[in-house]
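The following note was prepared for a colleague reviewing the model. Please read the points alongside the structure.

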Amino acid sequence: MSRNRSFFYRFRIPFRIIGILLLLGVVLTGAYFLTKLGPGKIDHSKVNVEFNEVEGNQLLELSQQKEERFRQLVDQRPATEDDFVILDEAITALSDYITMRGGYHTATAERREELYELRDNLRGKVLYDESVMLEDMAIEHEEAGEFENALKAMERSAFLQRKLNETYDLSENNDTRRLTRLQRKVDMLTAKPLYEDSVQAEEDAAQAIKEENYSRAKLYYRKAIDIQKDLNMRFRGLQFANVQRVSRLEQELSSLESSDLHMRIEEFREAAIAAEGQGNYAAAAESFQNAYRLQRQLNKEFPQSRFAGVTQAEELQSLRENSLSRNLGDGIKDEMTRLDTALRERTTWRAIEIIRSLYPKVQQFTEQFPRSTILGDDALLKMQYLAAIEDDINFLQERIYGQLLPVEGVADWRMLRTEVSQALYMSVMLKANPSRHVGDLLPVDSGNWDDARNFCQRISWLLGRPVRLPTEAEYHAALGSLRYVNLRETAWCLENADGVTHEIATLKPNGQGFHDLLGNVAEWLDSGSLPGDGEAYIAGGSVETSIDAMVDVPIEISNRRMRNRFAGFRFVVYLAESNEN
């Protein structure tokens, strides 16, 4: 016994699994046999239904007689309601025959379907003809300007087509697309007079404004807006729906409602300007402050008004600060003019004295009057820059003036005889260098047009004179004629440069003493003549340009933000004593 218990104990898990599988098999087998005990599929063609052949034939004959009678009548004239009663009796008799016989019989079923279709076609045609007639009538009314009558006729036409579609689905005149077209026309006839009312209300508002009857104008604008909003909500797919028109009308209404505030703002502005003209800057500042306060009120209460806007408020704030800072700002501007004179006359010691006393004043002014425009946007940046390089001003001026040459046929302006070197660029731009081919005497490269312009601005601050990129005409004048010029001796190009830039002024200068106007790196030019602000001229070709291409003096239009490893620049300085550009 202990051996048997030990055997079953050792194999208890396999026995349990086998037992579960056997039980599952018994359940599935029982379920299968239960399904066999249920009803099977019925073959209707084999069902033996008790059928009274005499009564059936009578029904069939009655149906055929009624159908023949109906067809004879409708062949002679349009069908009447009495005629349709006969057709309905034919269909009823045939349906009773089918029910009595039982099962499915193709011939009788198809015949009944034909009778249904005959009835739907004839009944549907009556509705269709009337609908078409009403549509034509609606068009005539519309052409005559009788929109109310046109709308009534079109609504009735659409109603009949809808009834046809819903009631007689087998009719050949069942036409969903026509119903959609008719309904759209109904919407058009409904919306058009509403839109015209809205337009008329807008015109009435404009006329009321001319007559200075502003309260009436407001009423008309509100009427025009309400009608247009209704059109937008109910007739979104039609041409009369116009969200932009609602916005415009609301702006007109809001502008009208805010006109009193705007007039007061303008009165304060004019008073401020008059006070400034009299030198009474405190009174001007107070008037600008009052205008600013009213502008903020207008912006809050009438945000849709054409007179509203953050820009207007900011402008008034700026004008107020200009008035408050006028005396101090004018004094600083006078000192900055003396600074430019000292830099222009190259009296470095005097320029440094002015920089040291003026820089803190400009800082204080900017902090105290951040919205003032008296000094300009670059005043603080200019003073920061000059303060940072004050020890190098004399050295840099000597270096720049020593490299300037006159250009034949160009008065007052002098051009740098070489391309800007990386050493000069880093000295002026406080060690910044965008170049990929690094070397002190290599031309600066990979700077975009804005980099070149910013460099010119700092040279202008340094010299106290206008400085810019050369124009296309100045570039051509400096280049001169290429006749009898050996470009291999004056230009680093595809044939002699080995694909890399070379140190400035290592080849022969041209007849006016300029180096590398062609080749080495292409040069950015002043581009004020180009429309827009995204493009700039770049001239002269580079070490990747062939001699044949250089003969034609390549000048291209490029993206100002392009950073080309073979693009550099030079600059021109205005040296006339009047110092006017």
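1. Glu 523 stands opposite Ala 539 of strand 5. In this predicted model, strand 4 (residues 522-524) and strand 5 (residues 535-539) are paired in the antiparallel sense, over 2 bridges.

2. These strands belong to an open sheet of 4 strands, ordered 6-5-4-7, in which the pairing is mixed. The edges are formed by strand 6 (555-559) and strand 7 (567-568); each has a single partner strand, so one side of each is left without a neighbour in the sheet.

3. Helix 19 (residues 472-479) lies across strand 4, strand 5 and strand 6. Relative to strand 6, helix 19 runs at about 140°.

4. Searching the whole structure gives 9 aromatic pairs. For Tyr 425 and Phe 455, the ring centres are 5.3 Å apart and the planes lie at 5°, so this pair is classed as stacked. Tyr 425 is located in helix 17 (residues 422-428) and Phe 455 in helix 18 (residues 449-463); the pair therefore ties together parts that are 30 residues apart in sequence.

5. The charged end of Arg 560 is placed over the ring of Trp 449, 3.9 Å from its centre. Arg 306 lies over the face of Phe 307, and here the distance from the ring centre is 5.8 Å.

6. Which residues of helix 6 are buried? They are Ala 150, Leu 151, Ala 153, Met 154, Ser 157, Ala 158, Leu 160, Gln 161, Leu 164 and Asn 165. As background to the spacing of such positions, an α-helix has 3.6 residues a turn, so residues three or four places apart point the same way. The buried residues of helix 6 pack against helix 5 (106-143) and helix 7 (176-210).

Conventions:
Residues numbered from 1 in each chain as written. Predicted model: local features only at pLDDT ≥ 70, side-chain atom pairs only at ≥ 80, totals over all residues. Heavy atoms only, no water. Buried < 20%, exposed > 50% of the residue type's maximum accessible area, 1.4 Å probe, protein only. Contact = heavy atoms within 4.5 Å. Phe/Tyr/Trp six-rings, centres within 6.5 Å; stacked < 30°, edge-to-face > 60°. Lys NZ or Arg CZ within 6 Å of the ring centre and 35° of its normal. Pairing = 2+ DSSP bridges. Axes fitted to C-alpha atoms, helices over the stretch in contact; angles between N-to-C directions.
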